[in-house]
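Subject: Structure handover

Hello,

Here is the structure I promised to pass on. Please open it and keep it beside this email while you read.

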Amino acid sequence: MSETFSSRYLQDLFGLSGKTAVVIGGTGVLGGAIADALAQAGAHVVIVGRNAENGASRVKMIEELQGSAEFFTADSTSRSDLESLVAHLKNNGQVADILVNGAGINAATPFLEISDEEWDNIFRVNLLSVKVACQVFGQSMLDQKVAGSIINITSMSAITPLSRVFTYSASKAAVLNLTQNLAREWAEQGIRVNALSPGFFPAEQNRKVLTPERVASIMNHTPANRFGDPDELAGAVLLMAAGKAGSFLTGSNIAIDGGFSCMTI
């Protein structure tokens, strides 16, 4: 009896049945794990990206787990692409209840060698994409009076600058600031805006900077003494996405980092 009751209780708190979640960057390692978690909680997940092959692969994985998903080809910085997705959902009788902004790129360039082109490109993908998506989907949520949840993926570098990734750190700090401002702006309309700051999770965007020396430095600064597993983001994501469990959570930044952010010396 208690097991059945607990299952119902957790479903009531964290269940996303009937919700639609848009995951921008859902073809990546971390974005894919987030898409999986949202689908397993009952949401219909729309994976947004430019790589149709990777998108189809993620959709297949979710469907094999009895989840519901589709892939939508779009450039995360293109307003017209994202507006087309809003129209696509509307034509299918859907609206985005949950938005995850997970697109991101990185570069380990010494500061004096960072070109204007590299700086602009990283800010375009890491920050402009968040701004555009929040405007497009935020407007949709407001127009349709959706009590929505927006989750912006930031980084440890949003809290404390990380060496060798100057542009990435600056862009992610800006994402965190934007998140907090939007949370204040839209709280009375029932739209919650939060940030998720993963610690060190090996993914395509950071493999090139994970030299043996840097890995040793990271482990020395991570009490858990290991990298994170993408599935370990699921709990925080479901808390931020869920309408009941996270109903009073907005403007927050949750760090999933194995203790990295609490270390000093």
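Which strands does helix H8 (residues 234-241) lie across, and at about what angle does it run to S6? Helix H8 lies across strand S4 (98-101), S5, S6 and S7, and runs at about 170 degrees to S6. Helices (H or I, at least four residues) and strands (E, at least two) are DSSP runs, numbered from the N terminus. Axes are lines fitted to C-alpha atoms, for helices over the stretch in contact, and angles run from 0 to 180 degrees between N-to-C directions.

Some ground rules come next. This is a predicted model, where local features need pLDDT of at least 70 and side-chain atom pairs count only at pLDDT 80 or more, while totals for chains, interfaces and linings use all residues. Residues are numbered from 1 along each chain as its sequence is written, and side-chain values use heavy atoms, with hydrogens and water left out.

**The sheet**

Seven strands form an open sheet, in the order S3-S2-S1-S4-S5-S6-S7, with parallel pairing. Strand S3 (68-73) and strand S7 (253-256) stand at the edges. Each has a single partner strand, so one side of each is left without a neighbour in the sheet. On average, neighbouring strands of this sheet are turned by 20 degrees against each other, direction ignored. Two strands pair if DSSP finds at least two bridges between them.

Look at the S7 end. Four bridges join strand S6 (residues 192-198) to S7, and the two run parallel. Ser 197 stands opposite Ala 255 in S7. Helix H6 (residues 166-186) packs on the sheet and touches strand S5 (149-153), S6 and S7. The direction of H6 makes about 155 degrees with that of S6.

**Strand S1**

Now find S1. Five bridges join S1 to strand S2 (residues 44-49), in parallel. S1 also pairs with S4 in the parallel sense, over four bridges. Val 23 has Val 100 as its bridge partner in S4. S1, helix H2 (residues 29-40) and S2 make a right-handed β-α-β unit. Right-handed means that, with the strands pointing away from the viewer, the path from the first strand over the helix to the second runs clockwise.

Five of the five residues of S1 are buried, so S1 is largely enclosed by the rest of the structure. Buried means under 20% relative accessible area, exposed over 50%, and partly exposed in between (1.4 Å probe, protein chains only). Both faces are covered: Thr 20, Val 22 and Ile 24 on one side, Ala 21 and Val 23 on the other.

Val 22 sits in S1 (residues 20-24). Its relative accessible area is 0%. Its bridge partner in S2 is Val 46. Leaving aside neighbours within four places in sequence, the contacts of Val 22 (heavy atoms within 4.5 Å) include Leu 85, Ile 98 and Phe 137.

**Rings and cysteines**

The structure holds three aromatic pairs. One is Trp 119 with Phe 123, stacked at 4.9 Å centre to centre and 25 degrees between the planes. Rings of Phe, Tyr and Trp (its six-membered ring) pair if their centres lie within 6.5 Å; planes under 30 degrees apart count as stacked, over 60 as edge-to-face and the rest as tilted. Both residues lie in helix H5 (residues 116-143), four residues apart. Trp 119 is partly exposed at 33%, whereas Phe 123 is buried at 18%.

There are zero disulfides (cysteine sulfur atoms within 2.5 Å) in the structure. Cys 134 is buried at 2%, while Cys 262 is exposed at 58%.

Best wishes
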